[in-house]
Protein chains: 4
Amino acid sequence: MTSILKVGIVGGTGYSGVELLRLLTHHPRVQIHAVTSRTEAGRPVSTLFPNLRGHLDCVFTQPTQANLVECDIVFFATPNGTAMHSTPDLLEAGVKVIDLSADFRIKDVKIWEKWYGMAHHCPDLIAEAVYGLPEWNRDEIVTARLIANPGCYPTAVQLGFLPLLQAGLIDPQYLIADAKSGASGAGRKANIGTLMGEMGESFKAYSASGHRHWPEICQSLHQYAGTPVDFTFVPHLIPMIRGIEATLYTRLLEDISLDDIQACFVKYYQNEPFVDILPVQSHPETRNVRGVNMCHLSIHRPQNNKTLVILSVIDNLVKGAAGQAIQNMNIMSGFPETTGLTGVALLP
Amino acid sequence: MTSILKVGIVGGTGYSGVELLRLLTHHPRVQIHAVTSRTEAGRPVSTLFPNLRGHLDCVFTQPTQANLVECDIVFFATPNGTAMHSTPDLLEAGVKVIDLSADFRIKDVKIWEKWYGMAHHCPDLIAEAVYGLPEWNRDEIVTARLIANPGCYPTAVQLGFLPLLQAGLIDPQYLIADAKSGASGAGRKANIGTLMGEMGESFKAYSASGHRHWPEICQSLHQYAGTPVDFTFVPHLIPMIRGIEATLYTRLLEDISLDDIQACFVKYYQNEPFVDILPVQSHPETRNVRGVNMCHLSIHRPQNNKTLVILSVIDNLVKGAAGQAIQNMNIMSGFPETTGLTGVALLP
Amino acid sequence: MTSILKVGIVGGTGYSGVELLRLLTHHPRVQIHAVTSRTEAGRPVSTLFPNLRGHLDCVFTQPTQANLVECDIVFFATPNGTAMHSTPDLLEAGVKVIDLSADFRIKDVKIWEKWYGMAHHCPDLIAEAVYGLPEWNRDEIVTARLIANPGCYPTAVQLGFLPLLQAGLIDPQYLIADAKSGASGAGRKANIGTLMGEMGESFKAYSASGHRHWPEICQSLHQYAGTPVDFTFVPHLIPMIRGIEATLYTRLLEDISLDDIQACFVKYYQNEPFVDILPVQSHPETRNVRGVNMCHLSIHRPQNNKTLVILSVIDNLVKGAAGQAIQNMNIMSGFPETTGLTGVALLP
Amino acid sequence: MTSILKVGIVGGTGYSGVELLRLLTHHPRVQIHAVTSRTEAGRPVSTLFPNLRGHLDCVFTQPTQANLVECDIVFFATPNGTAMHSTPDLLEAGVKVIDLSADFRIKDVKIWEKWYGMAHHCPDLIAEAVYGLPEWNRDEIVTARLIANPGCYPTAVQLGFLPLLQAGLIDPQYLIADAKSGASGAGRKANIGTLMGEMGESFKAYSASGHRHWPEICQSLHQYAGTPVDFTFVPHLIPMIRGIEATLYTRLLEDISLDDIQACFVKYYQNEPFVDILPVQSHPETRNVRGVNMCHLSIHRPQNNKTLVILSVIDNLVKGAAGQAIQNMNIMSGFPETTGLTGVALLP
């Protein structure tokens, strides 16, 4: 008998929420038990998101504990600072939690509190939380009760540096990520800055002096390198909806050929279903992964210099959020890891 | 034993072609036997369309008869004037043909030749060809050898007028379709007019004095009304990729309430899996059907006047092309009509 | 001696406001005396709108009467319902007012109050207010104290119907405007519906059952025709920033050739600097008028039928708002009408 | 008596060409004498570019020598490899030449021939050609006969590194430019890669292993630093039309405060009308310079580390092409440098 997982989604009105719903409505091992929203409670989900008409027949509910403890797993697709309030009781009740927000990503609570500007509600759970990047720590995910689902930029950046740092091929004091994201990364909330009239037909860097994803990435790169790193991160806003592209710059420690570097990546990711190493000197495009749980990577070494360039693209809402969360859910539940995640990207 | 259909796709390098591939790679009853391209023969399909990496392991081949006669069904996703040359031999060989181009859509060959500017190669097959709009003539499709898959604009427009004309509620001498399409409708070919630099951040009507889809729509509306119609059609170009919106204007023959009109639509399409009548006075958005084989319709009667407004949206590449072609294939093959067509639209 | 006009702008933080500033900073007869904003008072205007760096050295102020009565003319670029509160005192103080909002556009105050959902604060001034469409009533504008600057859709629609209704060539019971606008028409305010993530890559009709610009247009068309009209209006949202395209449908009363209709337009607008009749069967593009005070019109008569199609494009922020306001200011001030309005559209 | 310059534009059908026309039609010291195009000869310019209707009453002509030698200055807005064929005769005839293409930008003809894949037609003129970046070498431009107008990326990148290299504050062995351009940079030519359907709603790096602007930038940075540099350059394509953003990464040689770095920029560009240093830690947006001859720069030093981040934006068609060409023309002609270049950027 095939078991069916009862899942809850807290914060179902945002882009990560509707993306979870898009992917989960056709997941063969999942039953959507509750989709909560304080502001939309009582309203059919498909009136807010008509793409779900005919696919999901449920109503937003208040995020009450009673409702959520009936679930096997609860996803938090909420603003930062929300999940940490409900998580202790859910875990206590035996419900697993996958948090798509940043509440449990940073191990050093002081750093977290500095960057997120609030006190942490359950610092004792931070140590238990498992950072959910399966390509790095799948084994820990298997047995986790609480997953800190990685940020979108961090996913794109880490997957590009991970094999090189593990192999010791690059200088950990020379790591730069020039990252670009579509508008959906800023969420579905009323905000002048992400109006079509403000960000259409324009491009800019933002938070260049410091972005919350910087400490998250530093923490991981430190682990991969086994030593503190010097890492610079500048995010940018692309006038489009979905997709992240990260162009990574680093320096080779010794003169190793591009083919050998390529081989290093191919080997590292050889069993990974959701990381695809393109042929050397390819140029990944965000549209090639639109709507799917996939990271495309390619490697360049311009003029055969010491500086290495890695190009990484993901869909920020899928491998950068909802898709990776489901990948973690599959791992935690003993399902084949690709269950429900085998779609083809929408091109064009 | 479940039969597997061997399909061929002629003209696999265009947008309809890659969309057929996206949808067919996961169709449970289909095996892709041949994807042809004169210009790309020998090249792996997934190097041209990296969204297919890991999903389709085949190479473009020359469109030879030998290759194609091994198929059960061949799709033509070619420019107008190509399918008509290969179709006679394929039918002769027992291969069914679904033509996504316009070669077999117009019953009056003189009209076809006038609008398409060439002589028809096999006028004798035109009568046999079945116009593939299942919501109108599903029964004929079941037994067809040759399907003329409807144009994108014609699909959006016809589905909006069909119930009203059949019910005799509107004046067939007062039919207007103001239609708008994304850039993918113009195809994937080098062309200054559809460059991002030319059509980005701009909007315009085109072919306002006469577009090839006008005679196709007229022919159908005539059938639905049982009388010649006076129909005006103006297409426009939207600065985006996918989606058609058609705003239809007509006049009520008698004073019938909006609720009754709504009921007429609901009843007409009650068993249709791919036409969805939104609540009265809704505003369908193209994104709500992005990537899926679906038409969303809604009805307005401003100021309770005699003029009726019907809003219709489809994805031009799916219900307007590849999806509808697969729907026809399912019907012709005895598969459940929704097989392989149950995805959720990509929103946002 | 050349007189310099002191102008004030109330509501300088919206799109019409910044567009007034862009155009007025280089107007040779104007000095910008006050730019007001309740929320931004004290902040240099160019920190909010860096395109004005080096062009405008002033600070947002509170919209106090003291400040504004020193002006010769005050523009209201405010939400509906604001201008009517300050206008009586300004007029009393001898300041002329150009209201870019809708407060004084509708002559029948009951209709205004119904559509705008509030009581009018100074109904006695409505009769005095002059509707500022120079191509219709330039003479009245010359001597006006209070201008109701036309709406964006109304401008595009009226200029297309005006010559035909005046000439009595078309049926006033058969008037349809299918209009489309870029996102800037919705203003610069925090709003989920006009986020890039919501309206990017999508197209939809809105307010199809009734939009506030409908009574405004009806009122004018009635005047042009000399008889009540049957007019249907459906607005749509284009995934871009600037530009309105209106496709107008009407029916000829008699069989008049396209060339004669063209001649009618050319003659009507022969002395108009801001209306340009394109060659017959052209397709105006919104980008061709981006950033300039211009309306491009063209005429089609598909299949030589009775139905006539007029295509009209403007920049909603210029001929549809700030540019037309300055045109009115020029007329009221005895300046050459094109002063400060001679730029070339930004293409591409 | 004010002299009027007779100018010719060779290659008037591309984006740089139409931008020259947009700017020059209102330049008070210029008369447009000839606009040439092999393919469009005989056609009124304003039928191809309707934004010029009413502003420019001339016809495309064949690019004959007879026509061009009557000019005082000829702009080449042609593909690479064209200007070098006509330039010797024009200079001989006393006509000054401003080449917007790359024919005269690289001093080492072997490097030029390697990157541009053709033999140079007049290598003897390369030494005489003056690289037209006024902020670097205004004095040479004053007396030049032949200007090599800088590339778009090179302009954005050089202006960001120039003050730092001149001041000796940064390590010339650590220079990275992650640059992004809108579609107009690829020109107005039929090309699948820059179709709306291909590059809309997507983002990618291209030419990451080597782009033609790399040697051009290297040559200049070498001069500014007085020593060979280690420079890495990765261009990207933004789904929009106009604008370049370059994010520059370098390393400080000593611990100098952000305020002192800012002061270095402010001082270097204090007399420059077309370079604007934003307040420290600002984020320049491409829209703030849309349509104008301006570079906005800002500086960041994340976490007060050694790595410095400089953000640079220009409009690729203006400061990156036509505007800078006119700036050079003004300098060569003794006009005030800002003549005809004082517009305000189109925002939104």
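Trp115(D) and Trp214(D) are both buried, a term that stands for under 20% relative accessible area, with exposed meaning over 50% and partly exposed in between (1.4 Å probe, protein chains only). This is a predicted model, in which local features need pLDDT of at least 70 and side-chain atom pairs count only at pLDDT 80 or more, while totals for chains, interfaces and linings use all residues. Residues are numbered from 1 along each chain as its sequence is written, chains are lettered from A in the order in which they are written, and side-chain values use heavy atoms, with hydrogens and water left out.

Over all chains, the search of the whole structure finds 34 aromatic pairs, where rings of Phe, Tyr and Trp (its six-membered ring) pair if their centres lie within 6.5 Å, and planes under 30 degrees apart count as stacked, over 60 as edge-to-face and the rest as tilted. Two of these pairs are set out here.

| Pair | Centre to centre | Angle between planes | Class |
|---|---|---|---|
| Phe231(B) and Phe233(B) | 6.2 Å | 20 degrees | stacked |
| Trp115(D) and Trp214(D) | 5.9 Å | 45 degrees | tilted |

The tryptophan pair links distant parts of the chain, since Trp115(D) lies in helix H5 (residues 109–116) of chain D and Trp214(D) in helix H9 (residues 213–225) of chain D, 99 residues apart; helices here are DSSP runs of H or I with at least four residues, strands are runs of E with at least two, and both are numbered from the N terminus. Phe231(B) is buried with a relative accessible area of 2%, and Phe233(B) is buried with 3%.
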